[in-house]
Amino acid sequence: MRSRREGWSTSASGWTWSASRGRFTLMGNWVPVVLTFCMGMLMVSRTTPEYQHRNYELQFGELSAVKIGESSIINHGLLLGAVVFLAPQRHEYSIWEIDRFCLLLRAVRSVDRNLNSIHGPYPIYILVARDYELDPRHKDGLYSEKDRDLIRRWAPRSTIHFVEIEMYSGDALEPDTYREKILKWRRGEDGAVAGRDLGYTSMCRLWSGRLQSMSFLNDYKYYLRMDDDSLLMSPLSYDPFQRMEEHGLEYAFRSYQSDEWGIDQLWAVTKPFLSEDEIRISPFLVNGESYDGSQPYNNFHISTVAFWRDHRWQEVWNAYNKEHLFFKYRVGDANVHAMALTMMQPDRYALWDDMPYVHNSNDYKPWWQEAKSWREECKRDYQEYL
């Protein structure tokens, strides 16, 4: 990609251009040619990523255009990356009796301070439920303009978009299902794996392929997931999106975990789509024969959008939905990501254990003492700001 400070010139044509000085020098009868060229460049500029991104923000009703650095744009016209949150249910509390909205404020602020103040800056997209009234637990609610404005004020270096999606109806549900059937499955009826509510299982399905197909990611090569109850703890010494680009990666994560909900059904549906070599070399499979639930701890991960839109993954995704893995068998998104990484070449994904990221009690040891201080700080910050 040509640097904005890079100029070009020619003595044979009788004109010169200096981008850094913004100056034309014309000779001879080239004025009509130059005018035609300028008109053409004006039309082309309307298709550049910078113009498209500004126009895209206006469509979402944002207050101002993003200032995009050169490092945020890659040479095939896509913007390099975006950070994505799924907003918590508006009236939900955590295990520490903290308003989850308060945790979201701190999570977004940590991205603003520790990523966007140094690199990018990269836009932040926060997905909120438009059908919150259908939450069976009645924990979700409207993210008001006051809520949204407060989130933006906690992240002054970042441009924040709110994307309203369905979480309890419509596109959130697997094809050929309906709400009442899913609620029965969540109770363990009809041979289903009981546990977790509609909202949680919808979240698992979201991060397993639904999100990656959403139109707001059309202009980006990578997305980075953050959870509302997670934090970047210190300034990042590297740009995670640039690191992906430099190493040719499709996926990066921070640690391994394990989960066993619905893994037999998941493996039975996935195995026919895998080659013998993929099964043999996968670190997530046991002796190349079975799946024991090993997974990337994907509450933080960064991935290419293209992988999830490729026809091969779409075939797997369609099979998952047809067999109702998410709502009937309670399959989690991290287990699904283990299957996705099995389909990648080993040099296309990486473990980033140097990422200064923490996620609720799983990363705070001893968890209660650490959680108590976090709870008090969060409450204090939230109340003082209001």
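**Reading helices, sheet and core**

Colleague: Let's start with a helix. Which residues are buried in helix α4 (residues 145-153)?

Modeller: In this predicted model, the buried residues of α4 are Asp147, Arg148, Leu150 and Ile151. They sit on the same side of α4, because the arc they cover around the axis is only 160°.

Colleague: Which exposed residues does the face of α4 turned away from its buried side carry?

Modeller: That face carries Glu145 and Lys146.

Colleague: And what does α4 pack on?

Modeller: α4 packs on the sheet, where it touches β5 and β6. The direction of α4 makes about 145° with that of β6.

Colleague: Then let's turn to the sheet. In what order do its 7 strands come?

Modeller: Reading across, the order is β6-β5-β4-β7-β14-β9-β15; the sheet is open and its pairing is mixed. From one strand to the next, the twist averages 20°.

Colleague: How do I see the mixed pairing for myself?

Modeller: Go pair by pair. Strand β5 (residues 124-129) and β6 are parallel, with 6 bridges, and here valine 128 has glutamate 164 of β6 as its bridge partner. β4 and β7 also run parallel, joined by 6 bridges, and valine 84 is partnered with arginine 225 in β7. Now look at β7 and strand β14 (residues 301-304), which pair in the antiparallel sense over 4 bridges. There, leucine 224 stands opposite isoleucine 302 of β14.

Colleague: How many of the 7 residues of β7 are buried?

Modeller: The number is 6, so β7 is largely enclosed by the rest of the structure.

Colleague: Which strands does helix α3 (residues 100-116) lie across?

Modeller: α3 lies across β4 (79-86), β5, β6 and β7 (220-226), and runs at about 160° to β4.

Colleague: Is serine 110 buried or exposed?

Modeller: Residues under 20% relative accessible area are called buried. Serine 110 has a relative accessibility of 5%, so it counts as buried. Setting aside neighbours within four places in sequence, serine 110 contacts Leu115, Met226, Leu231 and Leu232.

Colleague: What is the general idea behind a core?

Modeller: In soluble globular proteins, nonpolar side chains tend to be buried together. Here the largest nonpolar core has 59 residues, and those touching the most other members are Leu127, Leu211, Phe216, Tyr291, Trp313 and Tyr320. Take leucine 211: leaving out residues up to four places away in sequence, its contacts are Val84, Leu127, Leu206, Phe216, Leu217 and Tyr223. There is also a second, separate core of 38 residues, with Phe101, Ile124, Tyr143 and Tyr222 among them.

Colleague: One last topic: how should I describe two packed helices?

Modeller: Two packed helices are described by the angle between their axes and the distance between the axes. For helix α6 (residues 198-210) and helix α11 (residues 311-322), the angle is about 155° and the axes are 11 Å apart. Angles over 145 degrees count as roughly antiparallel, and α6 and α11 are therefore roughly antiparallel to each other.

Colleague: Which residues meet where α6 and α11 come together?

Modeller: From α6 come Arg205, Ser208, Gly209 and Arg210, and they meet Trp313, Trp317 and Asn321 of α11. You have already come across Trp313 among the residues of the largest nonpolar core that touch the most other members.

Definitions and conventions. Residues numbered from 1 in each chain as written. Predicted model: local features only at pLDDT ≥ 70, side-chain atom pairs only at ≥ 80, totals over all residues. Heavy atoms only, no water. Core = buried A, V, L, I, M, F, W, Y, C linked by side-chain atoms within 4.5 Å. Buried < 20%, exposed > 50% of the residue type's maximum accessible area, 1.4 Å probe, protein only. Contact = heavy atoms within 4.5 Å. Helix = DSSP H or I, 4+ residues; strand = E, 2+ residues; numbered from the N terminus. Arc of directions from axis to C-beta. Pairing = 2+ DSSP bridges. Axes fitted to C-alpha atoms, helices over the stretch in contact; angles between N-to-C directions. Parallel < 35°, antiparallel > 145°, perpendicular 65-115°, else oblique.
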